Amino acid sequence: MNTLSRNLLLLAAVLPIAFACVKGPEDKFPGLNTVTYKADDAVIPNPERGFYTAAEIHEANRNGISTDGATASRKQGRTLYLLEFHLTDFVNSDISDDYLQCIRRYFESLRNGGLKCILRFCYSNGMYEQDKPWDATPDQVERHIAQVKPLIQEYYDVILVVQAGFIGSWGEWYYTENFTDDASRKRVVDALLDAVPAQRQIELRTPEFKMRLFGFSSADTLTRATAHQETTKARLGGHNDCYLASSSDQGTYRGNTDRQYWASESLYTIMGGETCGLSGFCHCEPQPDSKNAHGVLADMAINHFTYLNQGFHQGVLKRWREEGCFEEIQKRLGYRFVLEHGYFTKSPKAGEELRVVLEIRNDGFAPAMNPRDAELVLTDEGGSVLKTWTLNSDPRYWMPGETTTVDQTITLPEGISGEVTLSLNLPDHCTNLRSNPLYSIRLANLDTWDEETGYNTLTSFKL
């Protein structure tokens, strides 16, 4: 053995960790071809996440979201609307057939435009005496929920989440004379849990309401094993409509226990809302004179924000633009899946096994929250689908700040030849939206997205 070889062996024995650190992706899975993907820095109008456009609907003669409006939203990177249906005229009566048809038209326009909504119902648009009545009685609210239940059931595919609403001005559960006890508030939530399909969540205005109305505690938060079930605990998320406006977010939190509770729960339940005023807490980075130790980017990551209002509060949004974090927020609200590497069997053959290993990083603030299909798709040179395989991984568990490794072996069809392409497809779980590429998730990578099919290209090879 020469001196160089001896020295290399000695160095390897002393510094094994250093040698491990320089291992490249091509060494991770020996015998497999390695594909390295390039990240895309663009704002991507993916479904069920991002900044939303708010729409208040007061009259029955509204026709929904226009085609031009839907197109403009997507060009600006937005696929979400807050549909806030004002039942002001029906505080003491049933909702009219005309207004119910108006609700239907809005849901139809979402489907036609490739959009989804955050859904809220309320009665008042103000908090002063002249704005009363702020809401209806508990009995009348339950009757209204029963009336809109068929519409929610029929169109839940285009609903991201339902805010509990109904109670208080703007449906934000504060200014009210009809709901002064926990029992009446719980009646509304129970009615909504029944009216809204189990695949969708209900958001409450504060963490206190979830804990107090249903007996949950910060010692018993959701886990991977209990999340995304058809239980009350798993279906109740939160919306913070005074985000970073004060030390308590204007009463959203009673203290650190509430903050920690939402931070934990929001890894598995939808969190969103809006800002409501400038404060020392809503800077991009923590300020020396502020008690907020995080800054907005870190805070959104801690609380796993999926959506936010793009129209309010304008002063806060202006600050984020001036301080340089607005675009990053726009990109990272909800999930942002990035393919890092793919590993594939060398020299694949028809009728034989093909091992597929994917490394998928989530740069967003949250995972995907609603049920989402995931599959591998094999197509021929003409784009015809030869075979699909359900992925053995759920995007709802592709956690923010982590890289998920998907390792799956599939068997290629027999009797096929020529150039083929293997893609990752992340379509909507609902059957009627599944084939619409506007509802498929686009990975944040260059040269992978096919807007005609909604597929993300992984690799091509010849059989």
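Which side chains meet in a salt bridge at 3.0 Å, N to O? Those of Asp-157 and Arg-111 do. The legends below start with helix H3 and return to this pair.

This is a predicted model, in which local features need pLDDT of at least 70, side-chain atom pairs count only at pLDDT 80 or more, and totals for chains, interfaces and linings use all residues. Residues are numbered from 1 along each chain as its sequence is written, and side-chain values use heavy atoms, with hydrogens and water left out.

View 1. Helices (H or I, at least four residues) and strands (E, at least two) are DSSP runs, numbered from the N terminus. Buried means under 20% relative accessible area, exposed over 50%, and partly exposed in between (1.4 Å probe, protein chains only).

View 2. Just after H3, Gly-77 takes a positive phi of about 85°.

**View 3. The salt bridge between Asp-157 and Arg-111.** A salt bridge is a side-chain nitrogen of Lys or Arg within 4 Å of a carboxyl oxygen of Asp or Glu. By this rule the model holds 35 salt bridges. In this one, N and O lie 3.0 Å apart. The pair links distant parts of the chain, 46 residues apart. Asp-157 sits in the loop between helix H5 (138–155) and strand E5 (159–163), and Arg-111 in helix H4. Asp-157 is buried, at 2% relative accessibility. Arg-111 is partly exposed, at 22%.

View 4. Arg-212 is partly exposed, at 37% relative accessibility.

**View 5. Helix H7 tied to helix H9 (residues 256–265).** Lys-210 forms a salt bridge with Glu-265, their closest N and O atoms being 2.5 Å apart. Lys-210 lies in H7 and Glu-265 in H9, so the pair ties together parts 55 residues apart in sequence. Both Lys-210 and Glu-265 are buried. Salt bridges that share partners also join Asp-182, Glu-208, Arg-212, Arg-254 and Asp-258 into one network.
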